[in-house]
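Here is a short briefing for a first look at this structure. Take the points in any order, with the 3D view open beside the text.

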Amino acid sequence: MVEKNLTVRSSPHLHSGESTKMIMLDVLIALIPACIAAVWLFGWRAAALIVVCVASCMASEYLSRRVLRRPQTVGDLSAVVTGVLLALNLPSTLPLWQAALGGVVAIVVVKQMFGGLGCNFVNPALVGRIVLMMSFATEMNTFPSPWVDGVTSPTPLAPDAAGAYDLRVLLFGFHGGTIGETCAVVLLLGFAYLLWRRIITPTIPLVFVGTVFVLSWIVDGGVYEATYQILSGGLLLGAIFMATDYVTSPVTPLGKVIFAFGCGALTVLIRHGGALNEGVSFAIVVMNILVPLIEKATYRLPFGQKRGGKHA
Amino acid sequence: MGLFSRVRGVKAPHRKNTADRETVKMSVPETVILSMAQHIGPPCKPTVKVGDTVEVGQVVGDSDAFLSAPVHASVSGEVTAITTIVMPSGQPAEAVVIRSDGEQRVHESVVPPTVESYDDFVKAVRDSGLVGLGGAGFPTHVKLQPKNLEEVDTVIVNAAECEPYITADYRECMENSWNIVSGMQTVMEYLDTQRVIIAIEANKPDAIATLTDIAKTVSKPGREVLVHTLPARYPQGAEKVLIAEVTGRKVPPGKLPADVGCVVMNVTSVSVLAWYLKSGMPLVEKRLTIDGSAVKEPKNVLVPLGTPIKDVMAFCGGYKEEPRKILMGGPMMGIALRDDELPILKQNNAILAFAEEELLPAPSACIRCGRCASVCPMSLTPPVLATAYAKEDAKELEKRGIMVCMECGSCAYVCPANRPIVQTMRLAKDLVRKAQKKS
């Protein structure tokens, strides 16, 4: 008898070795170009915002878990991702304490109060941003020009700036905006990395951006205008890094398409019809809330089952 | 073979360390424990008493039930006990214990059967004691008597062997190629099908080459023997996956392969059948892959059925280190055993012993990444099912297809949060079964 120490557990007894932490690390790597560009364009304030937001999110995560007496999860790096994304969604002149507050809202209220990682129904970083926009409207809507201290410039989506920028300017980010949204090139670089590492599928970003492009073309009446729209504001940042958040997007393939189309359509609707210049955050958050319904409606048929057929 | 597999799955490591180890016949064990429940269906009843002298090939257990197969003595000697053992699944089963006299005298009933008709054929298959040797243990004669026999046009011989480590079927292909092909031809003839296809994963090129050669020489118009190369992707060997891959047909939930015109047989089953028709020797021994980090001499061993696992291990040089986990079957679907006293069963194809448990991280929260759903060969969406299970919603579980889950483990293999998905699916299926019984 040698059985004394045998482990008995359910199959399978092999694992791919992939972990949540590795996925989060890949997302962070994909965000590195955007962070470098943010500091390059907006200077040390951008770096300070990133550091403050990450620190605030990690501290919030750690303390929440401590207080709730739940297993510590700060090591899974998901709070770091939220912190970086929140920072990239803020203008460089935002007071640091306000940025820190955004992190607390994102982690404590949106994530941990609903049960922590995997249980939040809206994107924590986006809600953090929205709360800051509501609370500190002036600070959140002041966008300094890259490289020029003390001078603000309208974002490309402001009514008086519509069409004011050359597309090349938008591509490389030499215009007003939050620290992480202006430089399209680095965001696309991150997108390529996420695809290469198979962290995300291209469905949501492509359908989201594609929808904005097509609808803007119809509404604004030209390819230039449509291209201007997809390179402006937070669209690429949102479509690549926020709308693809696993927790708050559908798992079904068709659901992803519907979700992303909804994000795109709402973005165009808010940009053109609403009082706000930019609508990506709100569009994603609204669609986040619809995810359970979308998933229910788009559930895949099990192997061999015919549509409308009786399930066995 | 297409560039892309028709069905999903995972790229599990192959670890076919014993592929080149030729089968060695194990010495006769002191005692064998023959379980009466070595097939799916009602268990057999012992047909011998304590004190009886038995010989190799003699029936020691049988049942009147259609869904059953007889059990034969694998050694000659004396019945010392009729007892109850706990099977790997946790279910109790009756077992006949035989003390070997080491002589391996063959019973008089072991003579080649006379097979002249389909009825003779299925009777012979039943008498051989054959069950699905791929692991399921479904009585082979039942498989060969589908209700819609005339609609069956394809026999598929499953040599995929997609589980990591296991090379028992591969060795069968290499060592008994002619038996396999002759068995295939016999099945094709009596089921009156046009073709029989042997399906093998691409990671076994030698077996593919050998069998292709033989298949070419024996194929004739209207009775074709074909070799189909499968992508080396787990779980190609799962019955429904295999049928879809080879024929493009999908077996609907709750239906059988015969409903889409297919009969699937494991390659070793086919080979053993051919051997039985030639020699009359029923299923009394089985080739097993013995491997794993705790085994001193990994090898392929031909083991008398009912041999306690510890004896097989001793034959393989014993344990290198104290085993921490012993698996009956492969690492993806195998059952973790409580001890090594359990006897070898007909449908076993591997015993793996590991010194250190493969490092499995503790489960963390589901992040809904969807990897489980994207690899599920049955197109299920585990997060949705897990939620329904948490709510004990049997109706929703059934509607979302829980019963087609075959527990292949692809989902849990890729899960970055290392959730116990298969375990949840098992519990969920149980919940549905209980709800069905109630209503």
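Two residues are in contact when heavy atoms lie within 4.5 Å. By that rule, and leaving aside neighbours within four places in sequence, Phe261(A) is in contact with Val207(A) and Thr211(A). The model is predicted. The points below cover chain A, then the sheets and helices of chain B.

**Confidence in chain A**

- The pLDDT of chain A averages 91.
- In chain A, 95% of the residues score at least 70.
- Helix α3 (residues 78-88) of chain A has the highest mean pLDDT among the elements of that chain, at 98.
- Helix α7 (residues 167-172) of chain A has the lowest, at 84.

**Phe261 of chain A**

- Phe261(A) belongs to helix α12 (residues 253-273) of chain A.
- Its relative accessibility is 47%, so Phe261(A) counts as partly exposed.
- Phe208(A) lies 53 residues away from Phe261(A) along the chain, yet their C-alpha atoms are separated by 5.5 Å.

**A helix pair in chain A**

- Two packed helices are described by the angle between their axes and the distance between the axes.
- The axes of α3(A) and helix α4 (residues 96-111) of chain A cross at roughly 135° and come within 10 Å.
- The two helices, α3(A) and α4(A), are therefore oblique to each other.
- The crossing of α3(A) past α4(A) is right-handed.
- On the α3(A) side, the contact is made by Ser78(A), Ala79(A), Thr82(A) and Leu86(A).
- On the α4(A) side, the contact residues are Ala99(A), Gly102(A), Gly103(A), Ala106(A), Ile107(A) and Lys111(A).

**An antiparallel sheet in chain B**

- Strands of a sheet pair through backbone hydrogen bonds, either parallel or antiparallel.
- Four strands of chain B make an open sheet in the order β2-β8-β7-β4, with antiparallel pairing.
- Its edge strands are β2 (31-35) and β4 (53-54) of chain B, and each pairs on one side only.
- Two bridges link β4(B) to strand β7 (residues 77-86) of chain B in the antiparallel sense.
- Gly77(B) in β7(B) stands opposite Val54(B).

- Another open sheet of four strands in chain B has the order β11-β10-β9-β12, and its pairing is parallel.
- Here the edge strands are β11 (224-230) and β12 (262-266) of chain B, each pairing on one side only.
- On average, neighbouring strands of this sheet are turned by 25° against each other, direction ignored.
- Seven bridges join strand β10 (residues 195-201) of chain B to β11(B) in the parallel sense.
- Val196(B) has Val225(B) in β11(B) as its bridge partner.
- Helix α4 (residues 177-191) of chain B lies across β9 (154-159), β10, β11 and β12 of chain B. This helix runs at about 140° to β10(B).
- Helix α6 (residues 239-247) of chain B also packs on the sheet, touching β9, β10, β11 and β12 of chain B. Its direction makes about 120° with that of β9(B).

**Strand β15 of chain B**

- Strand β15 (residues 325-328) of chain B is covered on both faces.
- Lys325(B) and Leu327(B) are buried on one side, and Ile326(B) and Met328(B) are buried on the other.
- β15(B) runs antiparallel to strand β17 (residues 350-354) of chain B, joined by four bridges. Met328(B) stands opposite Ile351(B) in β17(B).
- β15(B) also pairs with strand β16 (residues 335-336) of chain B, antiparallel, over two bridges. Leu327(B) stands opposite Ala336(B) in β16(B).
- A hairpin is formed by β15(B) and β16(B), with six residues between them. In the turn, Gly329(B) has a positive phi of about 105°.

**Helices of chain B**

- Helix α3 (residues 168-175) of chain B has six of its eight residues buried, so it is largely enclosed by the rest of the structure.
- The buried residues of α3(B) are Ala168(B), Asp169(B), Tyr170(B), Arg171(B), Glu172(B) and Cys173(B).
- Helix α10 (residues 382-390) of chain B packs against helix α13 (residues 421-438) of chain B at about 50°, with axes 10 Å apart.
- That angle makes α10(B) oblique to α13(B).
- α10(B) passes α13(B) in a left-handed crossing.
- α10(B) contributes Pro382(B), Leu385(B), Ala386(B) and Tyr389(B) to the contact.
- α13(B) contributes Ile421(B), Thr424(B), Met425(B), Leu427(B), Ala428(B) and Leu431(B).

Terms used. Residues are numbered from 1 along each chain as its sequence is written. Chains are lettered from A and ligands numbered from 1 in the order in which they are written. This is a predicted model: local features need pLDDT of at least 70, side-chain atom pairs count only at pLDDT 80 or more; totals for chains, interfaces and linings use all residues. Side-chain values use heavy atoms; hydrogens and water are left out. Buried means under 20% relative accessible area, exposed over 50%, partly exposed in between (1.4 Å probe, protein chains only). pLDDT is the predictor's confidence in each residue, from 0 to 100. Two strands pair if DSSP finds at least two bridges between them. Axes are lines fitted to C-alpha atoms, for helices over the stretch in contact, and angles run from 0 to 180 degrees between N-to-C directions. Angles under 35 degrees count as roughly parallel, over 145 as roughly antiparallel, 65 to 115 as roughly perpendicular and the rest as oblique. A crossing is left-handed if the near helix is turned anticlockwise from the far one by less than a right angle, and right-handed if clockwise.
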